[in-house]
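I opened this structure to take notes on it for the first time. The entries below follow the order in which I looked things up.

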Amino acid sequence: MDKETGKAVGQGDAKLEGAVYGLYARDDIAHPDGATGIIFHAGDLVATLTTDEGGNAEVKNLYLGNYYVKEITPSEGYLLDEEEHDVVCDYEGDLVAEVSRSTTSAEQVIKQPFQLIKVSDNGDDTEAPVLSGAGFTAYLKSSLSVLESLGNGQSLYQGKDGLGYSGIQVKADEREPYQPEIQT
């Protein structure tokens with residue numbers, strides 16, 4: 001679930017699909033027969049789960065006991081959630097065939113502030129004044145068409161308005177700002 005929107009839909013180009021979580025034993029998990037002994041020791045990785053398009057993942061056929069879920073790899077466009085989410089699978093009586101539990105990890109989308117300033121070129125090597133009232137439009141990269149690959153990670157894009165845009169493709173985890181240049 002997206003932490004800001006509260007919905008199971010990624011913001012912008014971010015995706016909830018593909019996050020990898022570990023299910024760990026919070027305490028020792030003993031076999032229910034009482035004779036076999038410990039199946040999982042506290043801290044053992046019990047299962048690995050990968051989220052689907054809606055940000056959901058599940059594991060079945062667990063033994064009763066105390067577990068926690070912790071994110072191992074975040075999905076594209078989101079920060080790693082380092083919180084441990086407790087899941088307690090306890091006995092609910094002999095009439096309950098299957099115990100069902102759930103927990104939610106609220107995902108924080110990666111953000112990158114940027115600032116655009118337009119200045120005039122007066123033809124000198126002197127500092128030109130800032131142009132007031134200049135307008136800019138920011139686009140999601142996924143909403144642009146790639147016109148041409150320029151090499152070295154750079155591409156020429158075309159927006160719905162027909163104008164060309166160039167930029168360096170940067171992976172979100174490198175935390176480098178995207179600095180578009182408008183080509184007219």
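**Entry 1: overall make-up**

I started with burial: of the 184 residues of the protein, 22% count as buried. I keep in mind that this is a predicted model. I then looked up the secondary structure and found zero helices and 10 strands. Read along the sequence, the pattern is β-β-β-β-β-β-β-β-β-β. I also checked the contacts between residues at least 6 apart in sequence, and 47% of them join residues at least 24 apart.

**Entry 2: the largest nonpolar core**

Which residues make up the largest nonpolar core? I listed 12 residues: Ala19, Tyr21, Leu23, Ala25, Ile29, Val46, Ala47, Leu49, Tyr67, Val69, Val87 and Cys89. Strands β1, β4, β5 and β6 each supply at least two residues of this core. I noted the ranges of these strands as well: β1 covers 20-25 and β6 covers 85-89, while β4 covers 45-50 and β5 covers 65-73.

Leaving out residues up to four places away in sequence, Leu49 touches Ala19, Val20, Tyr21, Leu23, Ala57, Glu58 and Val59.

**Entry 3: the aromatic pair**

How many aromatic pairs does the structure hold? I found one aromatic pair. It is formed by Tyr24 and Tyr68 and is stacked, at 5.1 Å centre to centre and with 20° between the planes. Tyr24 lies in strand β1 and Tyr68 in strand β5, so the pair ties together parts that are 44 residues apart in sequence.

Are Tyr24 and Tyr68 buried or exposed? Both are buried. For Tyr68 I noted a relative accessibility of 11%, and it counts as buried because the cut-off is under 20%.

I stayed with Tyr68 for its surroundings. Not counting residues up to four places away in sequence, Tyr68 touches Gly22, Leu23, Tyr24, Ala25, Arg26, Gly43, Glu84, His85, Asp86 and Val87. Its C-alpha atom is separated by 9.6 Å from that of Asp27, which is 41 residues away along the chain.

**Entry 4: the second largest pocket**

I turned to the second largest pocket, which has a volume of about 1100 Å³. Its lining has 37 residues, and the closest to the pocket centre are Ala57, Glu58, Val59, Arg101 and Ser102. Ala57, Glu58 and Val59 had already come up as contacts of Leu49.

Strands β1 and β6 each supply at least two lining residues. Which element gives the largest share of the lining? The largest share, three residues, comes from β6.

**Entry 5: a positive phi**

I looked at backbone angles next. Most residues other than glycine have a negative phi. Asn61 has a positive phi of about 60° although it is not a glycine. I located Asn61 in the loop between β4 and β5. Asn61 counts as exposed, because its relative accessibility is 77% and the cut-off is over 50%.

**Entry 6: the loop between β6 and β7**

Asp90 is found in the loop between β6 and β7, and is partly exposed, with a relative accessible area of 36%. Not counting residues up to four places away in sequence, Asp90 touches Leu64, Val99 and Arg101. Arg101 was also on my list of residues closest to the centre of the second largest pocket. The C-alpha atoms of Asp90 and Tyr63, 27 residues apart along the chain, are separated by 9.1 Å.

Thr104 lies in the loop between β6 and β7 too, and counts as partly exposed at 49% relative accessibility. With residues up to four places away in sequence left out, Thr104 touches Met1 and His85. From Thr104 to His85 I noted 7.6 Å, C-alpha to C-alpha, and 19 residues in sequence. His85 is also among the contacts of Tyr68.

Ser143 is found in the loop between β6 and β7, where β7 covers 145-151. Ser143 is partly exposed, with a relative accessible area of 30%. Its C-alpha atom is separated by 9.3 Å from that of Asp13, 130 residues away along the chain.

Terms used
Residues numbered from 1 in each chain as written. Predicted model: local features only at pLDDT ≥ 70, side-chain atom pairs only at ≥ 80, totals over all residues. Heavy atoms only, no water. 1 Å grid on protein atoms, 1.4 Å probe; cavity = no way out; pocket = protein on both sides within 12 Å on 5 of 7 lines; lining within 4 Å. Points joined across faces, edges and corners; volume = space filled by probe spheres on them. Helix = DSSP H or I, 4+ residues; strand = E, 2+ residues; numbered from the N terminus. Buried < 20%, exposed > 50% of the residue type's maximum accessible area, 1.4 Å probe, protein only. Core = buried A, V, L, I, M, F, W, Y, C linked by side-chain atoms within 4.5 Å. Contact = heavy atoms within 4.5 Å. Phe/Tyr/Trp six-rings, centres within 6.5 Å; stacked < 30°, edge-to-face > 60°.
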